Amino acid sequence: MAATHAFGIDIGGSGMKAAIVDLATGELVSDRFRIDTPQPATPQAMADVVVELVREHEWDGSVGCAFPAIVRNGVVGSAANIDSSWLDVDADELFTEVLGAEVHMINDADAAGLAEVRYGIAQGRQGVVMMLTFGTGIGSGLFVDGALVPNTELGHLELDGVDAESRAAASARKRDDLSWSEWGDRVNDYLRHVEALFSPDLFVIGGGASKRTEKWLDRVDINTEIVAASMANNAGIVGAALVAP
Ligand code: BGC
């Protein structure tokens, strides 16, 4: 495989997706495989899926992995939407051991942001860029002149007295049976809060709702430029591939 190719895995609460990425263009150069995230999503069960995904692609080399939690030097530091047995696990070490190839992990929203800053809608943007992903939780990736400030975890800011992601994540819209406008109002409250704290130059919105902005974006009234992510489903995989050792 050419040296410009890297392998990325995007681990989410419901699915684990992987592909080979061309680092020159940020494009996938293989099929994208997806396997349901095992339940309970324990370290060993997920490690087995990682091995399967790598084997399916016949990939022989290091691997980058996006993960829905705080990841500091490979060690998992939170477990909001994954099995609590992940806490304090050295995921770099575990996956490296089961795969027999070097693995490096990164927070999922940080990975998506890296991809958007390198290849996508935020390419070349200077200043403060804030990637926010709306899914099961809310993920955040903060970039200053293109450099990542990792593990910002802004989905857990307090909003209306509760954890913000429990009000404004995409999962909250379904759980609370909200109309898009009602959900858009919650997202607006959230964005205004983040805007007041960080005064970013640009918000990049990722997750499924970023493809349906016509349904809710008119509810958002902020002073900051806001755009939908451009790499949608692939941002996590591509960002993960970027951090492969
Ligand atoms: C987690 C973050 C993650 C986000 C999106 C949150 O609950 O704490 O680490 O980035 O969900 O998956």
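## Basis of the model

In this predicted model, local features need pLDDT of at least 70 and side-chain atom pairs count only at pLDDT 80 or more, while totals for chains, interfaces and linings use all residues. Residues are numbered from 1 along each chain as its sequence is written, and side-chain values use heavy atoms, with hydrogens and water left out.

## Domains

Contact (heavy atoms within 4.5 Å) links 11 residues of domain 1 with 14 residues of domain 2.

## Surroundings of the ligand

The ligand is surrounded by 13 residues, each with a heavy atom within 4 Å of the ligand. Asn 81, Asp 108, Glu 153, His 156 and Glu 165 are the closest. Domain 1 and domain 2 each supply at least three residues to this shell.

## Polar contacts and burial

An oxygen atom of the ligand lies 2.5 Å from a polar side-chain atom of Glu 153. For His 156, a polar side-chain atom is 2.7 Å from an oxygen atom of the ligand. Ala 69 takes part through its backbone, where a polar atom is 3.3 Å from a ligand oxygen.

The ligand taken alone exposes 310 Å², and the protein buries 94% of that area, as computed by the Shrake-Rupley method with a 1.4 Å probe.

Notes:
A polar contact is a pair of N or O atoms within 3.5 Å; within protein, one must be able to donate a hydrogen and the other to accept it, and residues adjacent in sequence count only if both atoms are side-chain atoms. Domain bounds come from an automatic or database domain assignment.
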